[in-house]
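I opened this model to look up how its parts pack together. My entries follow the order in which I checked things.

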Amino acid sequence: MDSVSAKAALRKDVLARRSLVTETERQAFAQRLATVGTEFAAENRASLASVFWSIGDEPPTLPLLQSLACQGIATALPVILGRGKPLALRLWKEGEPLAQG
């Protein structure tokens, strides 16, 4: 199996496993992520943190974004500029749209 096929098979397996996680477990993970992520950022004197915006059944990241903001840590979300291009980061605050339009 080549690396592309292996990656696709691994992704399929991970997505199948993630679909088995209950909503209660997802929310508990989100709260733990917010606690640990904010503690880590504070311990390292971060003034800015990049966080992905969760989609579908990914663990919710909004609690982390909110917790960071409460600590005065700015947040940025990645923006896809196109296939094969590096991600851009854009500052984000709660209540602001994710995209124009």
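These notes go from a helix pair to one residue in it, and then to the sheet.

**Entry 1: the helix pair.** I worked on a predicted model throughout. I took helix α2 (residues 23-43) and helix α3 (residues 62-70) to begin with; their axes come within 8 Å and cross at roughly 35°. I noted the crossing of α2 past α3 as right-handed.

**Entry 2: the contact.** I then listed who meets whom. From α2 I have Ala30, Gln31, Leu33, Ala34, Gly37, Thr38 and Ala41, and from α3 I have Pro63, Leu64, Ser67 and Leu68. Sorted by class, the α2 contact with α3 holds seven nonpolar residues and four polar ones, and no charged residue. As background for reading such a list, I kept in mind that an α-helix has 3.6 residues a turn, so residues three or four places apart point the same way.

**Entry 3: Thr38.** Thr38 lies in helix α2, and its side chain makes a polar contact with the side chain of Ser67 at 2.7 Å. Leaving out residues up to four places away in sequence, I found Thr38 touching Leu33, Leu64, Ser67, Leu68 and Gln71.

**Entry 4: α3.** Which residues of α3 are buried? I recorded Pro63, Leu64, Leu65 and Leu68. I looked next for what covers these residues, and the cover includes α2 together with β1 (48-50), β2 (74-79) and β3 (88-92). After α3 comes Gly72, for which I read a positive phi near 80°.

**Entry 5: the sheet.** I traced an open sheet of three strands in the order β1-β2-β3, and its pairing is mixed. β1 and β3 are the edge strands with a single partner strand each, so one side of each has no neighbour in the sheet. Direction ignored, neighbouring strands of this sheet are turned by 35° against each other on average. For β1 with β2 I noted parallel pairing over three bridges, and I found Leu48 opposite Ala74 in β2.

Methods: Residues are numbered from 1 along each chain as its sequence is written. This is a predicted model: local features need pLDDT of at least 70, side-chain atom pairs count only at pLDDT 80 or more; totals for chains, interfaces and linings use all residues. Side-chain values use heavy atoms; hydrogens and water are left out. Axes are lines fitted to C-alpha atoms, for helices over the stretch in contact, and angles run from 0 to 180 degrees between N-to-C directions. Helices (H or I, at least four residues) and strands (E, at least two) are DSSP runs, numbered from the N terminus. A crossing is left-handed if the near helix is turned anticlockwise from the far one by less than a right angle, and right-handed if clockwise. Contact means heavy atoms within 4.5 Å. Ala, Val, Leu, Ile, Met, Phe, Trp, Tyr, Cys and Pro count as nonpolar, Asp, Glu, Lys and Arg as charged, and the others, Gly among them, as polar. Buried means under 20% relative accessible area, exposed over 50%, partly exposed in between (1.4 Å probe, protein chains only). Two strands pair if DSSP finds at least two bridges between them. A polar contact is a pair of N or O atoms within 3.5 Å; within protein, one must be able to donate a hydrogen and the other to accept it, and residues adjacent in sequence count only if both atoms are side-chain atoms.
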